[in-house]
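Walk through this fold with the sequence beside you.

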Amino acid sequence: MSCACCNTTTKKTRMSCPACGQNCFPVSRQTILHQVQSPDNQRITDGDYAYCANRECNVGYFSAFDSIPKTSLRAFQSGQSAMLCHCFDISESVYRAALDDGTAKAIKAFVVQQTKEGLCACESRNPSGRCCLASFKQMEKAHDC
Ligand SMILES: [Zn+2]
């Protein structure tokens with residue numbers, strides 16, 4: 001499964017996080033500008049930024065010259081539990097519960113359908129800027145083990 005938003009970022013070189021060392025995917029300017037809150041968004045330069053997906057790590061975005069903490073990101077401001085799909089407001093705990101009670105297929109079908117129709121907003125809603133469908137798969141795998 002792929003969509004326009006996944007195809008744009010996956011091929012680029014990964015960068016390693018200055019705080020935790022994790023290999024991180026670069027993000028587009030659209031993603032970072034829509035995620036970082038004011039006034040931090042006004043100091044974003046043209047440089048290449050990457051997103052650190054490690055939840056234990058305080059770093060949100062970083063470049064060779066700059067680092068922006070996760071607390072400055074919109075996706076981490078809502079006080080919600082960890083999100084699986086930022087576009088359609090599906091948290092990991094909700095999807096885990098759905099996997100347990102057998103209703104997960106309908107939730108995923110809904111997300112897949114919207115994605116197919118180009119109605120997802122991963123590039124601005126998801127701090128990684130990437131499609132969430134891979135995360136659904138990861139959770140399904142972890143659940144089946
Ligand atoms: Zn990190």
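**Overall make-up**

Among contacts in the chain between residues at least 6 apart in sequence, 54% join residues at least 24 apart. Two residues are in contact here if their C-beta atoms, placed from the backbone, lie within 7 Å. This is a predicted model: local features need pLDDT of at least 70, side-chain atom pairs count only at pLDDT 80 or more, and totals for chains, interfaces and linings use all residues. Residues are numbered from 1 along each chain as its sequence is written.

The chain has 6 helices and 7 strands. Helices (H or I, at least four residues) and strands (E, at least two) are DSSP runs, numbered from the N terminus. Read from the N terminus, the elements run α-β-β-α-β-β-β-β-β-α-α-α-α. Of the 145 residues, 28% count as buried. Buried means that 20 or more other C-beta atoms lie within 10 Å of the residue's own; exposed means 12 or fewer, and partly exposed lies in between, with C-beta atoms placed from the backbone.

**The sheet**

Now find the open sheet of 5 strands. Its order is β1-β2-β3-β4-β5, with antiparallel pairing. β1 (15-16) and β5 (67-69) stand at the edges with a single partner strand each, so one side of each is left without a neighbour in the sheet. Two strands pair if DSSP finds at least two bridges between them.

Start at β1. It is joined to β2 (residues 23-27) by 2 bridges. S16 has N23 as its bridge partner in β2. The two strands form a hairpin with 6 residues between them, and G21 in the turn has a positive phi of about 85°.

Move on to β3. β2 and β3 pair in the antiparallel sense over 3 bridges. Here P26 has A50 as its bridge partner in β3. On to β4 (residues 59-62), which 2 bridges join to β3. A50 stands opposite F62 in β4.

Finish at β5. β4 and β5 pair over 3 bridges, again antiparallel. V59 stands opposite P69 in β5. These two strands form a hairpin with 4 residues between them.

**The cores**

A nonpolar core is a set of buried Ala, Val, Leu, Ile, Met, Phe, Trp, Tyr and Cys residues joined through C-beta atoms within 7 Å. The largest one has 13 residues, and those with the most contacts inside it are L84, C85, I90, C122 and C132. β6 and α6 (133-144) each supply at least two residues of this core. β6 gives the largest share, 3 residues.

Look at I90. Leaving aside its neighbours within four places in sequence, I90 is in contact with L84, C85, Y95, I107 and V111. A second, separate core of 12 residues includes C24, V27, Y49 and C52.

Most residues other than glycine have a negative phi, and most peptide bonds are trans. P39 lies in the loop between α2 (29-35) and β3 (49-51).

The other spot is D89. D89 sits in the loop between β6 (83-85) and β7 (90-91). Is D89 buried or exposed? D89 is exposed, with 12 other C-beta atoms within 10 Å.
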